[in-house]
Amino acid sequence: MSKSKRGKALWTLPSRGRGTCPVCRSTRIKLLYSRKSGPEQVVKVCKRCFNAPQEKIDAASGV
């Protein structure tokens with residue numbers, strides 16, 4: 001049987017959870033992963049950039 005609830009939470013997010021990744025600049029990609037950049041700033045990144053080094057995350061967010 002198909003799984004009818006898979007990805008259902010994405011429909012409540014703005015733009016269905018898609019946008020431009022601040023690290024790799026990929027457009028129309030799902031931004032589902034949170035990374036900390038700075039003392040209290042949280043940045044949403046794509047799946048590929050989730051494992052990026054912290055220096056790259058900080059450089060992309062301008063911290």
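Contact means heavy atoms within 4.5 Å. By that criterion, L10 touches R16, G17, K30 and L32, with residues up to four places away in sequence not counted. The model described here is predicted. L10 has its place in the segment before β1. The C-alpha atoms of L10 and I29 are separated by 13 Å, and the two residues are 19 residues apart along the chain.

Two other residues of that opening segment were examined. K8 is found in the segment before β1. K8 counts as exposed, at 57% relative accessibility. Between the C-alpha atoms of K8 and K47 the separation is 18 Å, and 39 residues part them along the chain. R16 also lies in the segment before β1. At 40% relative accessibility, R16 counts as partly exposed.

The overall fold is described next. The chain has one helix and four strands. From the N terminus on, these elements run β-β-β-β-α. The C-alpha trace spans about 45 × 25 × 20 Å along its principal axes. The radius of gyration of the chain is 13 Å, whereas a compact globule of 63 residues would have one near 11 Å. Of the 63 residues, 24% count as buried. The accessible surface comes to about 5,100 Å². Carbon and sulfur atoms hold 53% of that surface. Contacts between residues at least 6 apart in sequence were also counted, and 16% of them join residues at least 24 apart.

The interior comes next. In soluble globular proteins, nonpolar side chains tend to be buried together. The largest nonpolar core of this chain has nine residues. They are C21, V23, L31, V43, V45, C46, C49, A52 and I57. L31, one of these core residues, is in contact with G17, G19, T20, C21, K44, V45 and C46, leaving aside its neighbours within four places in sequence.

Cysteines C21, C46 and C49 are among the core residues. Even so, a search of the whole structure finds zero disulfides. C46 is in no disulfide, and the nearest cysteine sulfur, that of C49, is 3.6 Å away. A disulfide needs two cysteine sulfur atoms within 2.5 Å. The sulfur of C49 has its closest cysteine sulfur in C24, at 3.5 Å, which is too far for a bond. Both C46 and C49 are buried: the relative accessible area is 0% for C46 and 7% for C49.

The loop between β1 (18–19) and β2 (29–30) holds S26. S26 is buried, with a relative accessible area of 17%. Not counting residues up to four places away in sequence, S26 touches G19, T20, C21 and R48. R25 lies in the loop between β1 and β2 as well. R25 is exposed, with a relative accessible area of 56%.

Most residues other than glycine have a negative phi. Phi of R25, however, is near 60 degrees, a positive value in a residue other than glycine. Phi of R16 is likewise positive, near 60 degrees.

Aromatic rings were also paired. Rings of Phe, Tyr and Trp pair if their centres lie within 6.5 Å. By this rule the count comes to one aromatic pair. The ring centres of Y33 and F50 are 5.2 Å apart and their planes stand at 40 degrees, so the pair is tilted. The pair links distant parts of the chain, 17 residues apart. Y33 is in strand β3 (residues 33–36), and F50 is in the loop between β4 (42–45) and α1 (54–61). Y33 is partly exposed, with a relative accessible area of 28%. F50 counts as partly exposed too, at 34% relative accessibility.

Notes. Residues numbered from 1 in each chain as written. Predicted model: local features only at pLDDT ≥ 70, side-chain atom pairs only at ≥ 80, totals over all residues. Heavy atoms only, no water. Phe/Tyr/Trp six-rings, centres within 6.5 Å; stacked < 30°, edge-to-face > 60°. Helix = DSSP H or I, 4+ residues; strand = E, 2+ residues; numbered from the N terminus. Buried < 20%, exposed > 50% of the residue type's maximum accessible area, 1.4 Å probe, protein only. Rg over C-alpha atoms; globule rule 2.2 N^0.38 Å. Areas by Shrake-Rupley, 256 points an atom, 1.4 Å probe, with all protein chains shown as cover. Core = buried A, V, L, I, M, F, W, Y, C linked by side-chain atoms within 4.5 Å.
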